[in-house]
Amino acid sequence: MKAMLSSRPVLWFLFLFNLTVALAAPFIDDSAKGIATSIGMAVVSLGAGSALYKGRGRRA
């Protein structure tokens, strides 16, 4: 499972999908739930983005 989650296509999907949801959530749900969703998705997106950045110099 760890090998699949650390693959580049999965990391790109996590980064882009969660960033999109993080940006859209406050506009869709204008309550504390939307803001909490936005913050949670942004944290996941930043984690995936940092993994992509960390592994960019390393090619398989």
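## Basis of the model

The model is predicted; local features need pLDDT of at least 70, side-chain atom pairs count only at pLDDT 80 or more, and totals for chains, interfaces and linings use all residues. Residues are numbered from 1 along each chain as its sequence is written, and side-chain values use heavy atoms, with hydrogens and water left out.

Helix α1 spans residues 2-5 and includes L5. Helices are DSSP runs of H or I with at least four residues, numbered from the N terminus. L5 has a relative accessible area of 40% and is therefore partly exposed, the class between buried (under 20%) and exposed (over 50%), with a 1.4 Å probe and protein chains only.

Together with M1 and M4, L5 forms a nonpolar surface patch of about 340 Å² accessible area. Patch members have over 30% relative accessible area and no salt bridge, and nonpolar side chains are joined within 5 Å. A salt bridge is a Lys or Arg side-chain nitrogen within 4 Å of an Asp or Glu carboxyl oxygen. Areas come from the Shrake-Rupley method with a 1.4 Å probe.

## Helix α2

Helix α2 runs over residues 8-28. At A22 it bends by about 25 degrees, and P26 follows within four residues. The bend is the angle between axes fitted to the seven residues ending at a residue and the seven starting there.

L11, N18, A22 and A25 are the buried residues of α2; they pack against α1 and α3 (32-54), contact meaning heavy atoms within 4.5 Å. L16, also in α2, is partly exposed because its relative accessibility is 44%.

Notes:
Patch = residues over 30% accessible without salt bridge, like charges linked within 9 Å, V, L, I, M, F, W, Y side chains within 5 Å. Helix = DSSP H or I, 4+ residues; strand = E, 2+ residues; numbered from the N terminus. Expected span 1.5 Å × (residues − 1).
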